[in-house]
Amino acid sequence: IIVSLVIGAWPALTTFGLDFLTTQRWAPQLDTPVMGALGPIYGTLVTSLIAMLIAVPVGIGIAIFLTELCPIPLRKPFALAIELLAGIPSIIYGMWGFFVLGPFLVETVQPAMIATFGSLPIVGSIFAGPASQLSLFNAALILAIMILPFITAISRDVFATVPPVLKEAAYGVGCTTWEVVRNVVIPYTRVGVIGGVMLALGRALGETMAVTFIIGNSFKITGSIFSPGTTISAAIASEFAESSDLHQSGLILLGLLLFVLTFAVLAAARLMLRRLELKQGR
């Protein structure tokens with residue numbers, strides 16, 4: 001796969017060089033084509049970051065609820081309902097986001113966020129209006145829903161591996177449920193939880209069809225999460241069918257960048273997990 005990507009991307013790599021990473025404009029139809037990956041890279045990182053900020057606390061919270069607080073007869077149905085989210089095709093998420101979630105966010109959530117945070121001195125530009133049905137925020141919210149079952153399922157499984165004697169000992173000395181979770185369950189299982197989070201991040205970085213429906217496919221960077229944008233995978237999916245020659249090579253180069261980005265994230269996660277394992281061993 002790496003060899004195929006490098007061969008396909010070579011014409012664009014030799015034509016644009018490192019400017020491909022720092023150029024925002026994307027105009028492959030010109031007599032002198034201009035192609036830059038800065039917009040897709042920005043969109044990929046921003047949507048994945050927002051999705052993780054939403055999905056990680058919610059997913060871990062659901063896992064804690066299922067293992068520590070939920071009545072036993074309801075644990076399996078609730079867990080099954082969450083895990084079924086992973087079985088919904090991404091294109092269905094995209095259609096639902098475009099026809100249902102997008103209009104709802106434009107009418108209710110986005111105006112409230114703009115009114116609340118848009119006038120703040122430092123972060124105001126991030127929440128600047130106007131509200132848009134096709135935006136980075138909408139795409140990130142869909143991504144958060146899509147990766148939620150991965151985080152929840154893995155966290156729930158590793159939480160279930162905590163020896164009951166540890167939790168019973170903590171309860172025996174007067175700890176509350178929250179103190180048991182914070183001081184016993186999470187420290188004991190943090191390696192597995194981080195592994196699940198990184199797996200979900202890898203999924204978010206490469207998601208294509210759901211994001212293509214609702215992100216707007218704009219290569220321009222505005223700084224507001226309510227403005228249209230694009231990701232690497234969405235740019236490839238929306239333009240590859242009508243591309244040829246140098247344009248197609250530029251899209252393959254985008255694919256190579258996504259491959260390298262995903263590999264770097266997963267490799268960093270593996271190194272971090274190894275350090276945590278070594279620290280626990282000591």
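Me: What do buried, partly exposed and exposed mean here?
Reply: Buried means under 20% relative accessible area, exposed means over 50%, and partly exposed is in between (1.4 Å probe, protein chains only). The model is predicted: local features need pLDDT of at least 70, side-chain atom pairs count only at pLDDT 80 or more, and totals for chains, interfaces and linings use all residues. Residues are numbered from 1 along each chain as its sequence is written, and side-chain values use heavy atoms, with hydrogens and water left out.

Me: Why is cysteine 175 called partly exposed?
Reply: Its relative accessibility is 24%. That lies between 20% and 50%, so cysteine 175 counts as partly exposed.

Me: What makes cysteine 70 buried?
Reply: Cysteine 70 has 2% relative accessibility. The limit is under 20%, so cysteine 70 is buried.

Me: How many disulfides does a search of the whole structure find?
Reply: It finds 0. A disulfide needs a pair of cysteine sulfur atoms within 2.5 Å.

Me: Why is asparagine 138 called buried?
Reply: Its relative accessibility is 2%. Under 20% is buried, so asparagine 138 qualifies.

Me: Which residues does asparagine 138 touch?
Reply: Not counting residues up to four places away in sequence, the touched residues include Gly102, Leu105 and Ile214. Contact means heavy atoms within 4.5 Å.

Me: Why is phenylalanine 263 called exposed?
Reply: Its relative accessible area is 58%. Exposed means over 50%, so phenylalanine 263 passes.
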